[in-house]
Amino acid sequence: VAAMASDPSTQSRVMFQATDKAEEPAHRKLGKLTVKYNRKDLQKRLDIEEWIDGQLHLLFDCEEEEIPELEIDIDELLELSDEGQRTRLEELLHECGKPKEDFINGLLYRIKGLRKMSGPLKK
């Protein structure tokens with residue numbers, strides 16, 4: 001609660017008084033992400049996404065701004081069979097003129113063992 005000093009001869013000051021309401025501890029908000037998802041899985045996914053980004057630069061041989069609008073959804077791929085994953089990646093990369101087989105094989109290898117991140121992981 002803020003209150004102004006009532007004595008006109010002093011400079012105006014704002015004084016704060018603590019309220020009786022106990023503040024919610026800050027530690028309660030920390031760690032929500034790691035509670036819902038395993039930190040190692042998140043790091044592995046991040047590493048894969050960074051690898052994809054680097055490989056797309058090589059495949060399209062251009063700067064990031066010049067890469068065609070392309071979204072490779074890891075969770076979408078995880079819902080598909082092995083052959084479905086390969087087919088979906090070939091569809092997404094149809095505009096790429098360079099050989100893309102190494103990229104597809106590398107990505108399929110990297111996503112093996114990943115879990116879809118639609119909900120909390122079971123322990």
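In the predicted model, Glu91 is partly exposed, with a relative accessibility of 44%, and its side chain meets that of Arg88 in a salt bridge with an N to O distance of 3.3 Å. Both Glu91 and Arg88 belong to helix α4, where they are three residues apart, or about one turn of the helix. Arg88 is likewise classed as partly exposed, because its relative accessible area of 24% falls between the limits of 20% for buried and 50% for exposed residues.

Arg88 also takes part in a salt bridge with Glu76, for which the N to O distance is 2.7 Å. Taken together, Glu76, Arg88 and Glu91 are linked in a network of salt bridges.

A further salt bridge is formed by the side chains of Asp82 and Lys112, at 3.6 Å from N to O. Asp82 is located in helix α4 and Lys112 in the segment after α5, so this pair ties together parts of the chain that are 30 residues apart in sequence. Asp82 is exposed, with a relative accessible area of 51%, a value over the 50% limit for that class, whereas Lys112, at 47% relative accessibility, counts as partly exposed. The count of salt bridges comes to five, among them the pairs Glu76 with Arg88, Glu91 with Arg88 and Asp82 with Lys112.

Charged residues also form a negative surface patch, made up of Asp47, Glu49, Glu50 and Asp53. Of these, Asp53 lies in helix α2, which spans residues 39-60, and Asp53 is partly exposed, with a relative accessible area of 34%.

The largest nonpolar core comprises 19 residues, of which Ile52, Ile72, Leu89, Phe103, Leu107 and Ile111 touch the most other members. Two or more residues are contributed to this core by each of the helices α2, α3 (74-79), α4 (82-92) and α5 (101-111). The largest share, six residues, comes from α2.

How values were computed. Residues numbered from 1 in each chain as written. Predicted model: local features only at pLDDT ≥ 70, side-chain atom pairs only at ≥ 80, totals over all residues. Heavy atoms only, no water. Patch = residues over 30% accessible without salt bridge, like charges linked within 9 Å, V, L, I, M, F, W, Y side chains within 5 Å. Areas by Shrake-Rupley, 256 points an atom, 1.4 Å probe, with all protein chains shown as cover. Salt bridge = Lys/Arg side-chain N within 4 Å of Asp/Glu carboxyl O. Lys, Arg positive; Asp, Glu negative; His and termini not counted. Charge placed at Lys NZ, Arg CZ, Asp CG, Glu CD. Helix = DSSP H or I, 4+ residues; strand = E, 2+ residues; numbered from the N terminus. Buried < 20%, exposed > 50% of the residue type's maximum accessible area, 1.4 Å probe, protein only. Core = buried A, V, L, I, M, F, W, Y, C linked by side-chain atoms within 4.5 Å.
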